[in-house]
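Please find below my note on the model under review.

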Amino acid sequence: MKILVCINKAPDTTSKIAFKNNNTAFEESGVQWIINPYDEWYSLVRAIELKEKDPTTIIHIVTVGSADCDPIIRKAFALGGDEAFRINIDSTDSYFIAAQIADLANNNKYDLIFTGKESIDYNSAAIGGIIAQLIDAPYISLATLFELNGHTATITREIEGGEEVAEVNLPVVVSCQKGMAEQRIPNMRGIMAARTKPLNVIEPIAQETFTSIINFELPPAKAGVKLIAADNVAELIKLLHEEAKAF
Amino acid sequence: MSVLIFIEHTEGLIKKSAHEILTYGAILAAQLGTTAEGLVLGTVTENLTALGKYGVTKINQINNESLNTIDSKLYAATIAEAVAITGASVIIFSHTPTGKSIAARVSAKLKAGMVSGAAALPDTSNGFVVRKSVFSSKAYANISINTPIKVISVNPNSISAVIGDGDATINQLTINVGAPSIKTIAVNKITGEIPLTEADIVVSGGRGLKGPENWGVLLDLAKALGAATACSRPVGDAHWRPHHEHVGQTGVQVAPNLYIALGISGAIQHLAGVNRSKTIVVINKDPEAPFFKSADYGIVGDLFEIVPQMTAEIKRIKGIA
């Protein structure tokens with residue numbers, strides 16, 4: 001079994017979000033980078049659980065980005081990835097990024113490709129679907145449970161107002177979310193082993209980008225909370241009804 | 001050159017998010033000087049002609065049994081054919097679990113640039129620029145789509161459906177549909193509840209409610225408002241409430257007109273799931289709770305005293321006995 005886990009470098013949830021160059025670029029200075037939580041907690045850990053069940057499983061890690069992604073790759077190694085590919089280019093275009101990963105996937109023939117349900121930077125939830133299209137594989141998004149029986153996967157996924165259980169033959173691309181697995185902390189043995197695992201830096205394939213970011217804006221600041229006295233609940237409801245027209 | 005709108009339905013009925021994007025697509029078509037058409041895959045019981053009132057002239061339907069399995073692979077292939085037949089240059093989806101899984105594949109199939117999770121209508125005054133929220137709603141990005149064909153998935157509750165007059169003509173498309181690549185073996189719908197992502201009003205509870213046995217006050221308030229119910233991560237993790245109610249960074253992201261937080265401190269991870277809400281109300285006994293900084297209205301006090309009074313007052317205004 002060969003599994004590819006796609007990871008993305010994202011600003012830690014508590015990072016201050018600011019922009020530079022006349023609001024055309026994200027201000028990266030002072031940002032604490034982490035593995036996108038959906039990629040780490042759910043897809044990578046589920047892949048590791050599958051390897052624990054079947055030790056012949058090989059877990060490859062891929063990320064598209066420059067050398068400042070190396071620390072998150074080492075963390076993925078410490079948790080349990082076997083070998084990594086860093087495709088050496090920064091991009092914000094979903095198609096461009098997915099095309100790079102699809103090229104790697106076409107060369108290496110994975111049984112399973114895991115992504116997080118979305119990345120907490122650009123929140124596009126698009127990479128998995130595009131990869132699946134480019135390698136002509138089925139795609140199950142928003143998976144909360146994943147079981148493997150031979151070459152068939154049974155996957156529970158979120159749908160509007162409920163969930164659906166689907167059966168699919170491998171290879172398949174799966175986007176993972178809460179429920180798939182539980183967050184893990186790397187242990188010392190993992191951290192030591194991470195130093196020597198192979199991190200392959202590969203150059204991107206030629207691919208045009210389909211979108212470009214014109215600029216960023218911060219949301220308008222809230223006017224500030226209107227506090228109402230605890231003994232005047234009727235006033236709150238009146239404001240919600242007449243001022244906010246919220247019901 | 002037209003705008004094609006992918007219409008989602010469940011149990012034969014068109015979804016609220018689909019009504020919203022019908023309006024979105026109709027306004028965009030007017031902006032571009034073209035027409036808007038809908039696309040329905042699979043079996044519906046609702047009268048599609050009536051969708052004309054949202055501003056579309058034509059509804060295309062592909063009524064094939066295979067399409068009753070929502071398989072992104074099959075859907076993308078089918079929608080791409082429909083795009084070729086209709087000559088559409090902009091394809092609109094809802095940014096819902098189903099919509100987002102299909103939109104990405106369609107964009108790849110058509111080599112079309114995509115903005116997913118759009119927050120507003122495109123600005124077509126100079127190019128084609130779509131606004132979307134990024135960094136878990138802490139900022140917006142204005143993104144230019146540079147390809148001839150464009151794909152947009154629109155966040156639910158970003159635009160209100162506008163209802164006018166008119167009927168749509170129904171056009172049955174004949175397309176050779178293959179077999180699904182997945183097999184659905186079970187569907188578990190939560191019945192009798194309003195889906196969180198579609199709700200206009202959400203009432204959400206945190207650890208301040210002290211235990212699952214105390215949820216009655218919250219449920220009464222939600223019922224009076226016709227609201228969906230939600231919870232914070234600790235509440236979901238402690239199994240006081242089902243997991244699907246968890247809103248926040250790692251749970252469901254919502255953007256209702258009104259979000260009422262009861263006994264939730266407002267950790268940054270929680271805010272990431274709710275800060276697109278139009279109006280936020282916070283009830284918390286701790287005046288230092290960070291949530292007050294992001295709220296529009298708040299009361300510092302004991303929720304067990306305050307919430308029943310809110311419910312009674314809402315019922316009085318709505319004339320519910």
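The numbered points below follow that order.

1. The model is predicted, and the remarks that follow should be read accordingly. Chain B is divided into domain 1, residues 2-172, and domain 2, residues 196-318. Their centres, taken over C-alpha atoms, are separated by 31 Å.

2. Contact between these two domains of chain B involves 9 residues of domain 1 and 8 residues of domain 2. On the domain 1 side, the touching residues comprise 7 polar, 1 nonpolar and 1 charged.

3. The largest nonpolar core numbers 127 residues, and A:I131, B:I5 and B:I92 have the most contacts inside it. Beyond its neighbours within four places in sequence, B:I92 is in contact with residues including B:I5, B:F6, B:I21, B:I152 and B:V154. Another core, of 51 residues, lies apart from it; among its members are A:I237, B:I201, B:C231 and B:L271.

4. An open sheet of 6 strands, with parallel pairing, runs in the order β15(A)-β17(B)-β16(B)-β15(B)-β13(B)-β14(B). β15 (226-228) of chain A and β14 (228-231) of chain B each have a single partner strand, so one side of each lacks a neighbour in the sheet. From one strand to the next, the twist averages 20 degrees.

5. Within this sheet, β16 (residues 279-284) and β17 (residues 297-300) of chain B pair in the parallel sense over 4 bridges. B:I283 has B:I299 of β17(B) as its bridge partner.

Key:
Residues are numbered from 1 along each chain as its sequence is written. Chains are lettered from A and ligands numbered from 1 in the order in which they are written. This is a predicted model: local features need pLDDT of at least 70, side-chain atom pairs count only at pLDDT 80 or more; totals for chains, interfaces and linings use all residues. Domain bounds come from an automatic or database domain assignment. Two residues are in contact if their C-beta atoms, placed from the backbone, lie within 7 Å. Ala, Val, Leu, Ile, Met, Phe, Trp, Tyr, Cys and Pro count as nonpolar, Asp, Glu, Lys and Arg as charged, and the others, Gly among them, as polar. A nonpolar core is a set of buried Ala, Val, Leu, Ile, Met, Phe, Trp, Tyr and Cys residues joined through C-beta atoms within 7 Å. A residue is buried if 20 or more other C-beta atoms lie within 10 Å of its own, exposed if 12 or fewer, and partly exposed in between; C-beta atoms are placed from the backbone. Two strands pair if DSSP finds at least two bridges between them. Helices (H or I, at least four residues) and strands (E, at least two) are DSSP runs, numbered from the N terminus. Axes are lines fitted to C-alpha atoms, for helices over the stretch in contact, and angles run from 0 to 180 degrees between N-to-C directions.
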